[in-house]
Amino acid sequence: MATDDLRRLAETWLADDPDPGARDEIRDLLARLPDSAAELADRFAGPLTFGTAGLRGRLRAGPNGMNLAVVTRAAAGLIGWLGAQGEPGPLVIGYDARYGSRDFAEQTARVATAAGREALLLPGPLPTPVLAYAVRRLDAVAGVMVTASHNPPQDNGYKVYLGARLGGPAGAGAQIVPPADAGIEAAIRAAGAAAEVPLGEPGTLLDQTIVQGYVDSAAAVVPAGSRELTVAYTPLHGVGGQVLAATFTAAGFAAPAVVAEQAEPDPDFPTVAFPNPEEPGAMDLLLALAARTDADLAIANDPDADRCAIAIPGAEPGRWRPLSGDELGVLLADHLIRRGVAGTYATTIVSSTLLRALCAARGVPYAETLTGFKWIVRGAEGLAYGYEEALGYCVAPELVRDKDGITAAVTVADLAATLKAEGRSLADRLDELDAEFGVHRTGQVSLRVEDLGRITATMARIRQDPPKSLLGDPVTEVEDRLPDADVLTLRTARARVVIRPSGTEPKLKAYLEVVEPVTGGDLAAARARAVAAMESGLRPEISAALGVG
Ligand SMILES: O=P([O-])(O)O[C@H]1O[C@H](COP(=O)(O)O)[C@@H](O)[C@H](O)[C@H]1O
Ligand SMILES: [Mg+2]
């Protein structure tokens with residue numbers, strides 16, 4: 001864009017931005033033109049759009065960031081769209097402990113009340129699943145959760161949920177999907193200037209009853225059983241701590257030992273490089289605590305507590321083994337199937353194929369959807385359970401129509417305690433599943449970029465010239481989901497690779513799977529072959545194909 005056009009865009013925005021800090025940022029960038037041209041162009045590259053999980057972006061001024069002006073217009077668009085649907089009912093609003101979260105939540109409430117809609121604010125920074133629960137429980141017309149989940153501290157985001165009347169039976173309390181997201185985006189564009197959006201009263205602050213309601217229902221997700229279990233836990237500087245501890249004690253477990261440095265919400269996430277349990281090192285303090293307290297199970301939530309990661313004692317004393325989302329996802333499915341929980345079991349096209357095999361063997365209905373929990377929860381009539389490889393699990397779809405790191409945690413604790421009472425462990429159950437179905441080893445390669453164009457270019461290049469062979473086997477199938485979804489799947493006899501751009505972060509992701517049959521009952525040998533195929537074969541091959549490293 002020409003510098004003059006950029007300057008005009010920025011000046012127009014400046015005149016409308018209600019936040020003095022944000023105005024200073026833009027003024028500063030304008031003063032430093034032409035040196036700041038690239039930065040300004042990026043900030044005005046376009047509006048944030050609804051990705052995998054709502055709006056998400058850097059906290060910074062301009063349309064391509066999360067800031068008060070963008071949130072005001074987003075709220076005005078949402079409220080306008082709800083009005084246009086002719087649906088009455090309250091909007092319920094939650095927020096995490098990130099920079100800006102509370103302000104963005106309160107601004108959303110004011111936009112709602114000015115338009116004559118009741119706004120109900122959750123009583124403090126709380127987990128995303130509490131908001132998703134509240135949308136259903138309070139029969140809200142819609143919900144907003146201000147959070148950027150596990151993203152870096154500089155980010156924030158805005159998740160939008162619809163209640164039963166607009167979301168339909170499967171989508172009641174779930175995040176928005178097309179066409180609602182496009183409709184709301186159009187309403188946001190039409191909302192006009194942020195400065196002209198009317199602001200009303202601050203809305204109604206809900207009391208702790210809603211939190212207690214969630215805690216009681218979450219605890220009731222697990223049936224009575226053994227509660228002999230020692231747990232180490234971290235909320236990873238996020239908002240999960242109190243609700244998780246309350247849920248554990250309500251379910252009859254002892255309160256877990258908590259990583260002290262990460263126990264309280266802190267928007268700087270000071271002890272981790274990325275507050276994402278998937279990232280290397282994020283669980284180090286947790287594993288140290290688990291070893292120190294001789295725990296049976298280590299549990300981490302992501303900062304908005306909709307994800308759950310666990311680690312189990314390793315083969316050698318003092319060593320801990322973090323499980324992948326696929327491992328825990330299949331363990332939970334297996335547990336619920338054994339408990340006789342009827343209905344469809346669902347996962348996504350980027351998760352392990354083990355759930356499909358398990359469901360087929362047990363005669364249980366199975367469904368597969370695109371990436372994102374908004375799709376999983378709509379994946380089937382009569383959903384019993386859903387999970388995705390990104391550490392997301394829904395064990396109680398009638399309670400929370402989204403992933404829920406709290407009910408997942410208490411369910412895996414129930415499973416671990418049940419096994420422990422039988423003198424067995426989660427590791428034993430994983431062994432049994434591998435012996436029965438073969439070792440399904442999954443992994444991920446991701447390309448983090450500064451320039452989003454690199455993602456588009458890489459996808460185009462791989463579409464044009466996909467790898468002909470992987471692990472020495474010919475690629476027998478290349479499945480392209482365009483135009484429905486920007487997803488490419490490659491298959492060989494032993495491996496599967498799914499490549500797609502992230503919808504929440506500037507990343508290209510490849511999801512890898514290698515399946516190694518167990519021959520002659522030798523599980524250890526099959527595992528070793530699977531690890532070698534993944535680490536010395538598929539991972540380097542795909543890293544090279546994507547240009548990672
Ligand atoms: O960030 P969260 O915890 O809200 O999680 C969100 O983003 C994840 C990553 O999505 P992507 O691969 O497109 O970046 C999705 O797997 C998940 O379903 C979605 O709810
Ligand atoms: Mg999250």
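**Helix packing, domain contact and ligand shell**

Arg7, Ala10, Trp13 and Leu14 in helix 1 meet Arg23, Ile26, Arg27, Leu29 and Leu30 in helix 2, where contact requires C-beta atoms, placed from the backbone, within 7 Å. This is a predicted model, in which local features need pLDDT of at least 70, side-chain atom pairs count only at pLDDT 80 or more, and totals for chains, interfaces and linings use all residues. Residues are numbered from 1 along each chain as its sequence is written, while chains are lettered from A and ligands numbered from 1 in the order in which they are written.

Helix pair

- Helix 1 (residues 3-16) and helix 2 (residues 20-31) pack at about 160°, their axes 10 Å apart; axes are lines fitted to C-alpha atoms over the stretch in contact, and angles run from 0 to 180 degrees between N-to-C directions.
- The two helices, helix 1 and helix 2, are therefore roughly antiparallel, a term for angles over 145 degrees.
- Helices (H or I, at least four residues) and strands (E, at least two) are DSSP runs, numbered from the N terminus.

Domains 2 and 3

- The domain assignment, automatic or from a database, includes domain 2 (49-193) and domain 3 (228-423).
- From domain 2, 28 residues are in contact with 31 residues of domain 3, and helix 6 gives the most to this side of domain 2, with six residues.

Ligand 1

- Ligand 1 is surrounded by 18 residues, the closest being Thr52, Ser149, Ser502, Gly503 and Thr504; a residue is near if its C-beta atom, placed from the backbone, lies within 6 Å.

Terms used
Contact = placed C-beta atoms within 7 Å. Parallel < 35°, antiparallel > 145°, perpendicular 65-115°, else oblique.
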